[in-house]
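Welcome! Take a moment to turn the model around on your screen before reading on, and then let us walk through it together.

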Amino acid sequence: MPAYRSKKSWPGAHIAIQGVNHRYRRSSSNVLSSIDLEIKPCEQLALVGRSGCGKSTLLHIISGLTKPTTGEIRIDGALVESPSPHWIMMFQQPNLYPWMSVAQNVGLGMKFAGRPKQEIAARVDELLHLVELDGYGGRNAQELSGGQQQRVALARSLAVDPEVLLLDEPFSALDAVTRRALQRDVRRIAEDMKITLVIVTHDIRKLWQWPIVPW
Ligand SMILES: Nc1ncnc2c1ncn2[C@@H]1O[C@H](COP(=O)(O)OP(=O)(O)OP(=O)(O)O)[C@@H](O)[C@H]1O
C-alpha cells in the first residue's frame with residue numbers, strides 16, 4: 001500500500017456530539033435520544049448497533065446533511081450547520097457517475113472548487129496510486145468491480161483533503177477479502193492523512209480491527 005504523508009501540521013479534527021435528539025417529521029418517537037459522544041483528533045471508531053437504531057441518521061447529522069431536532073455537532077469547536085468538503089460521507093453504494101471516466105469522477109470535487117486542470121490531473125494520479133488503481137484513470141467507472149468502484153469513491157472523497165471521513169457501511173456489500181483489504185487501506189490512509197474516521201455498521205463481523213463503541 002503506497003504511503004501518503006500529510007502536509008497538515010495540525011493534530012486532526014475533534015468531533016463533539018452534544019445532547020443530540022432527532023425525530024423525523026412523520027414519526028411519533030425519537031430516532032436518537034440524548035446522544036453525547038466525543039471523538040478525538042485522528043481517532044478511528046466503529047459505532048455498532050442493531051439495524052434501525054439510528055446510526056445512519058447520526059452520520060447524516062455529523063456531516064451536516066440532516067439538522068438534529070435538538071442538540072449540536074461541533075468539529076474543532078465550529079458548529080456543523082451544513083455539508084462541507086471538510087467532513088465527507090461514504091455510502092454503501094459508491095454513487096459514481098457511470099458516463100464519466102474514473103479520473104473525471106475522482107477529480108470532480110476539485111473541478112467544482114475551480115482548481116486548475118494540471119493540478120487536478122496530478123492530484124488524481126496521486127490518489128489513484130494511493131488506492132492502488134494506477135492506470136485506471138481512463139477507464140469508464142461502470143466497467144469496474146464493486147471493490148474497485150469503492151476505491152474510486154474513496155479517492156474522490158480524499159481529493160478534497162477532508163478532516164473527517166464518515167463511513168456508512170460502504171464496504172458491507174463486498175466479499176470478505178475485498179472488504180478487509182479496503183478497511184485496512186482506508187485506516188492506513190486516514191492515519192497518514194490525519195483524518196478522523198467513523199464507521200457505522202449493524203454487523204460486527206464485517207469490521208476489521210476497529211475500536212468499537214456499542215450503541
Ligand atoms: N427520512 C426518514 N423519514 C422518516 N423516518 C426515517 C427516515 N430515515 C430513517 N428513518 C427511520 O429512522 C430509523 C433509523 O434509521 P437509520 O437509517 O438511521 O438506522 P440505521 O441504524 O442506520 O439502520 P441500518 O443498520 O439498517 O442501516 C428507522 O426506523 C428508519 O425507518
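The bounds of a domain, as the word is used here, come from an automatic or database domain assignment. What you are looking at is a predicted model, and its chain is divided into domain 1 (12-86 + 162-214) and domain 2 (95-161). The C-alpha centres of domain 1 and domain 2 lie 23 Å apart. Where the two touch, domain 1 gives 13 residues to the contact and domain 2 gives twelve residues. On the domain 1 side, the largest share comes from helix α5, with six residues.

In an unreviewed entry, UniProt lists residues 15-215 as "domain: ABC transporter". In the model, the C-alpha atoms at the ends of residues 15-215 lie 17 Å apart, and the span is 32% helix and 23% strand.

Now let us zoom in on one strand, β7, which covers residues 164-168. Are the residues of β7 buried or exposed? Five of its five residues are buried, so the strand is mostly covered, a residue being called buried if 20 or more other C-beta atoms lie within 10 Å of its own. In a regular strand, side chains alternate between the two faces of the sheet. You can follow this in β7: V164, L166 and D168 point one way, L165 and L167 point the other way, and all are buried.

Next, look at the neighbours of β7. Strand β6 (residues 87-90) runs parallel to β7, and four bridges join them; M89 has L166 of β7 as its bridge partner. Strand β8 (residues 196-201) also pairs with β7 in the parallel sense, over five bridges, and here D168 is partnered by V200 of β8. To get from β7 to β8, the chain passes through helix α5 (residues 176-193), making a right-handed β-α-β crossover.

The core draws at least three residues from each of domain 1 and domain 2.

Which residues does L165 touch, leaving aside those up to four places away in sequence? They are I88, M90, S157, A190, I195 and L197.

Note on methods
Residues are numbered from 1 along each chain as its sequence is written. This is a predicted model: local features need pLDDT of at least 70, side-chain atom pairs count only at pLDDT 80 or more; totals for chains, interfaces and linings use all residues. A residue is buried if 20 or more other C-beta atoms lie within 10 Å of its own, exposed if 12 or fewer, and partly exposed in between; C-beta atoms are placed from the backbone. Helices (H or I, at least four residues) and strands (E, at least two) are DSSP runs, numbered from the N terminus. Two strands pair if DSSP finds at least two bridges between them. A crossover is right-handed if, with the strands pointing away from the viewer, the path from the first strand over the helix to the second runs clockwise. Two residues are in contact if their C-beta atoms, placed from the backbone, lie within 7 Å. UniProt positions are given in the numbering used here, feature names are shortened, and annotations may be inferred rather than shown by experiment.
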